[in-house]
Amino acid sequence: MKTQLHYIIFLLLLSGKIFCQDSSDTARLSLQDVIAMAKEKSIESKQAATVKETKYWEWRVYRSNYQPQLLLNGLLPAYSKTFSQVIQPDGTILFQPIHNNNSSLNLSFSQSIAATGGTVFGTTQLQRFDDFDRKNQLYNTVPFGIGYSQPLFQFNTLKWDNKIEPLKYNESKQAYIESMEGIAIVASGYFFDLLLAQVNYQIAQTNLENTKKIMQVANEKLDIGKIAKNEILQLQLEQLKAEKATGVAKRDMEIALLNLRTYTGLQNTDKIALDLPSTIVDMQVTADKVLEQAYANRADAIGFARKIAEAQRDVVKAKADNGLNATLTARLGYTQTASTIPKAYQSPQDQQLLQLEFAIPIMDWGRSKSRTKTAEANLKFAEYSVEQDKQNFTQEIVTQVTLFDMMKGQVELTAKADSIASEKYNIAQQRYVLGNLSITDLSIAFQEKDQAKRDYIAALRDFWGAYYQLRYLSLYDFEKNEKITYK
């Protein structure tokens with residue numbers, strides 16, 4: 001309990017020292033504040049949102065292929081005045097004048113059938129022909145026509161798209177969540193860059209002030225002959241080093257501040273004071289739990305199934321393209337022709353069409369077989385590649401869980417080391433003033449104190465980096481025990 005109390009007091013003192021420059025024009029930000037701003041305002045978040053929107057509209061295009069299509073097309077007007085060659089009975093050619101209008105309107109609908117790959121279609125047509133030379137006018141109509149076109153022995157694109165496109169869309173949605181969690185990782189890095197820079201600057205300022213005070217004590221000791229001149233020279237050297245370190249630390253802090261502001265989009269604040277993050281995270285993490293959530297949520301896990309499905313599709317397509325390709329089309333309807341529109345719709349005549357179009361490869365010198373074998377080889381490669389990706393996927397998660405557990409212990413150890421080093425330095429400083437400690441031992445205490453503080457900030461950085469990496473790998477919030485979602 002005493003150790004925990006000392007640790008809490010130390011954190012309060014540390015945060016008070018580091019951020020005592022807070023003022024009305026200074027923005028106080030926690031790690032969560034910085035991450036929230038980055039997710040909302042960073043260029044990466046806007047790019048991720050744009051990609052998400054693009055994938056959504058691609059999904060809508062895919063879905064529209066399975067909906068009824070209604071199309072109006074025509075030629076209005078189709079006026080022509082020219083000379084056209086006409087072959088005569090004796091084989092000669094005469095150029096006859098042509099002056100006419102051949103306008104048409106066609107309203108058609110179609111509905112694709114995903115199970116068979118066929119298409120149901122219907123149409124209604126109106127055509128008008130005007131012969132201006134002969135003062136003749138004629139209408140041709142198709143009041144109603146319906147038909148069905150069925151590919152035979154061909155690759156069914158609609159069927160395979162219905163299997164693959166939902167995977168791609170779900171993959172894109174999870175990829176967006178991954179992008180946002182990736183932003184959290186990057187933003188936390190910039191946060192700790194600035195935090196460490198501010199700590200270094202405060203350390204440098206404190207060391208410079210302490211060196212000046214010790215220099216005053218040393219000068220008094222020199223006057224009464226209690227220390228040698230070389231200790232004064234050593235302290236002068238330490239003061240020069242402290243002044244240099246302060247300048248370098250200030251430069252690094254300004255660079256880190258600029259990087260953080262640029263990434264998070266925080267442009268209206270000149271000064272930023274960072275709150276020291278807590279190390280208390282109420283969550284229990286096991287490798288099995290993370291793996292379970294990763295396979296349920298990650299885009300990569302969906303991508304495994306998509307890659308296999310795409311390779312299987314390519315094999316089926318290669319085989320279908322190598323054999324008999326045929327299309328059977330049947331059409332029924334009515335048609336009529338007359339000199340006026342009302343008559344063109346009276347007593348329509350039957351209109352029928354039945355045709356089979358086919359293509360059979362006779363000799364292709366092994367091209368078809370080669371395409372099939374290539375697709376089959378690609379399928380095997382995809383299966384091996386996915387298996388390797390799954391192993392890497394699992395290994396990365398297990399490693400990260402182990403790292404997270406280790407980082408929690410490292411933070412506690414470095415916090416204790418920081419507290420001990422600070423106390424040791426204070427004692428060393430008092431002993432030097434009393435005259436029973438050498439300047440060399442005081443300098444060592446200086447360095448140990450500074451390094452312990454930097455180690456503690458680095459341990460915090462590693463801990464929170466591991467925390468957000470776990471969220472990224474699983475897309476799961478282990479504190480709330482729920483999946484991570486974004487609107």
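This is a predicted model: local features need pLDDT of at least 70, side-chain atom pairs count only at pLDDT 80 or more; totals for chains, interfaces and linings use all residues.

Colleague: Which elements give two or more residues to the side of domain 1 that touches domain 2?

Modeller: Those elements are α4 (157–223) and α7 (299–321). The largest share of that side comes from α7, with 4 residues.

Colleague: And how do the residues on that side divide into nonpolar, polar and charged?

Modeller: On the side of domain 1 that touches domain 2, 7 residues are nonpolar, 4 are polar and 2 are charged.

Colleague: How many salt bridges does the rule find across the interface?

Modeller: The rule finds 0 salt bridges between domain 1 and domain 2.

Colleague: How many residues are in contact on each side, and what area is buried?

Modeller: In domain 1, 13 residues are in contact with 8 residues of domain 2. The two domains bury about 840 Å² between them, and 60% of this lies on carbon and sulfur atoms.

Colleague: Where do the domain bounds fall?

Modeller: The domain assignment gives domain 1 as 26–66 + 156–323 + 361–483. Domain 2 is given there as 70–113 + 118–155 + 327–360. Taken over C-alpha atoms, the centres of domain 1 and domain 2 are separated by 66 Å.

Colleague: Let us turn to single residues. Is T329 buried or exposed?

Modeller: T329 counts as buried because its relative accessibility is 11%, under the 20% cut-off. T329 is part of strand β8, residues 325–338.

Colleague: What is T329 in contact with, leaving aside neighbours within four places in sequence?

Modeller: The contacts of T329 are then F121, Y148, S149, L353, L354 and Q355.

Colleague: What about Q174: buried or exposed?

Modeller: Q174 is buried, since its relative accessible area is 19% and the limit is under 20%. Q174 belongs to helix α4. Not counting residues up to four places away in sequence, Q174 touches N297, R298, A299, I302 and L475.

Colleague: One more, then. Where does N268 lie, and is N268 buried or exposed?

Modeller: N268 lies in the loop between α5 (229–264) and β7 (271–274). At 77% relative accessibility N268 counts as exposed, because that category begins over 50%.

Colleague: What separates the C-alpha atoms of N268 and Q205?

Modeller: The separation is 27 Å, with N268 and Q205 being 63 residues apart along the chain.

How values were computed. Residues are numbered from 1 along each chain as its sequence is written. Side-chain values use heavy atoms; hydrogens and water are left out. Domain bounds come from an automatic or database domain assignment. Contact means heavy atoms within 4.5 Å. Buried area is the accessible area (1.4 Å probe) that two parts lose on being put together, summed over both. A salt bridge is a side-chain nitrogen of Lys or Arg within 4 Å of a carboxyl oxygen of Asp or Glu. Ala, Val, Leu, Ile, Met, Phe, Trp, Tyr, Cys and Pro count as nonpolar, Asp, Glu, Lys and Arg as charged, and the others, Gly among them, as polar. Buried means under 20% relative accessible area, exposed over 50%, partly exposed in between (1.4 Å probe, protein chains only).
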